[in-house]
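Trainee: I would like to learn how to read strands, pockets and annotated positions in a model. Could we take them in turn?
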Amino acid sequence: MQLKIYNSLTAEKEIFKPILEGNVGMYVCGPTVYSNVHLGNVRTFLSFDFIYRSLTHLGYKVRYVRNITDAGHLTDDGDVNNDRFVKQTRLEKLEPMEIVQKYTVDFHKVLDMFNLLPPNIEPTATGHIVEQIELTQKLIEKGFAYESNGSVYFDVLEYNARGLNYGELSKRNIEELFANTRDLDGQGEKKNPQDFALWKKASPAHIMRWNSPWGEGFPGWHLECTAMSTKYLGETFDIHGGGMDLKFPHHECEIAQGKACNGASPVNYWMHANMLTMNSQRMSKSTGNYILPMQLVSGDNDFFEKSFHPTIVRFCFLQAHYRSVLDISNDAMLASEKGFSRLMEALKILNSITPNDEKQSGFSLEDWKTKCYDALTDDFNSPVLIAHLFEAVKFIFALKDEKETISTKDLDDLKSTLNAFVFDVLGLQNIEENNNEKLDQTLQVLIELRNQARKSKNFDLSDQIRDKLLAEGIELKDGREGTTYSIS
């Protein structure tokens, strides 16, 4: 099997050749933690979770790094009042790091809910200020950056004058970039409008600030990813991922910083996940076509007729290729729920199938496995992989109806392969098992409350708990080993 990855830099699928055989260094741009993570973010991070799981399943040892942006960055007009962190601290009347903590916790909670694996390293921008200052100094020494009124900017024209190509990732022409750019951020400080900030001087009103050789200030947005990715993965690493919206200017600036600082392209394979739409329209707070992950899962919204379990949402998301626009709607979610239920039912049936070693099956397990792995290694094609999984589902139902047979060896192989793809690679969860586990935990809490009531001789409460559970078909049985329950 040869893994092929679509490289945004070359706009082609390429055979994946890691720098160190059997190992992968992967960096994914993480969230800016000043507000709740939205569904579009979830789609991006879920896409790279699937890619991470796939690489691991294919036998690679992956070092997965995903950053947390917890430092304030001015927006294009250079006004401190439009700094996202500053605005949020004023709205919520909290300190900046309280905002950071609050929304970092929310970010992790949401990703846990959708069963995303944590990265191997999750560095923060504020934890790497020293590295960002050192990187800025190095770029100044090499002549690719200049200080102006306490701020430091990357010199894009100088970069291109040395035979390098600012715009190579986004396929933008430098002359057009200069013609269509106004100097909003620098307010006359820059040599050229397209130059971007490596370090910004902090105004008196700016809350988050650090000492530097150029005075008190804070790092530019693009600088943090270059500093952290190269620190943990090396000056050149295998894969850099993020949303399509980050291709320009963020990733373009990362390439320029890496090449200017280290004399080599920082990344071999650039990967970008496409956007999420809802009801065929762009998700936007201003238009009202917007929903938070928790609202989709809880059903507390005006777009969907019911709540949907997080694993149903995950299953829906994976039915679109990560490079394709994904549209979610009520019908799409209902169809995903139906498909997921059929998939889980097939897995359940598979455990009750009796093999037949005497009769030949019309289903070629090896051909099916080859098609599954061909989809996985073809730029992580999740929708085609899922389509092949449902070929196996169809076969399993045929086994149930005794229209097909399977040998003992193939049955064991089908079980292990299908379970690996469904739970390890796609990252789906068995809702029924999770619900049973939660029910057991809830009943154990009620049993403990009843035991405490009995110890304190509150027999009315003890009997009330027992009788109400019995009315719901749950019988408590007291014995020497403690209290157990049975469900009728």
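Mentor: We begin with pairing: two strands pair if DSSP finds at least two bridges between them. Helices (H or I, at least four residues) and strands (E, at least two) are DSSP runs, numbered from the N terminus. This is a predicted model, in which local features need pLDDT of at least 70, side-chain atom pairs count only at pLDDT 80 or more, and totals for chains, interfaces and linings use all residues. Residues are numbered from 1 along each chain as its sequence is written, and side-chain values use heavy atoms, with hydrogens and water left out.

Trainee: Which strands pair with β9?
Mentor: Strand β3 (residues 23-28) pairs with β9 in the parallel sense over three bridges, and Val 28 stands opposite Gly 241 in β9. Strand β10 (residues 267-273) also pairs with β9 in the parallel sense, over six bridges; here Gly 243 stands opposite Ala 273 in β10. From β9 the chain crosses through helix α8 (residues 247-262) to β10 in a right-handed β-α-β crossover. Right-handed means that, with the strands pointing away from the viewer, the path from the first strand over the helix to the second runs clockwise.

Trainee: Is strand β9 buried or exposed?
Mentor: Buried means under 20% relative accessible area, exposed over 50%, and partly exposed in between (1.4 Å probe, protein chains only). Seven of the seven residues of β9 (residues 237-243) are buried, so the strand is largely enclosed by the rest of the structure.

Trainee: What is the order of the open sheet of three strands?
Mentor: The order is β12-β11-β13, with mixed pairing. Because β12 (281-282) and β13 (326-328) stand at the edges with a single partner strand each, one side of each has no neighbour in the sheet. Strand β11 (residues 276-278) pairs with β13 in the parallel sense over three bridges, and Leu 276 stands opposite Leu 326 in β13.

Trainee: Which residue does UniProt list for "binding site"?
Mentor: UniProt positions are given in the numbering used here, feature names are shortened, and annotations may be inferred rather than shown by experiment. The unreviewed UniProt entry lists Lys 285. Lys 285 lies in the loop between β12 and α9 (293-298) and counts as exposed, at 62% relative accessibility.

Trainee: By class, what residues are in the lining of the second largest pocket?
Mentor: Ala, Val, Leu, Ile, Met, Phe, Trp, Tyr, Cys and Pro count as nonpolar, Asp, Glu, Lys and Arg as charged, and the others, Gly among them, as polar. A pocket is, on a 1 Å grid over the protein atoms alone, an open set of points where a 1.4 Å probe fits, with protein on both sides within 12 Å along at least five of seven lines; lining residues have an atom within 4 Å of a point. The lining has five nonpolar, four polar and four charged residues.
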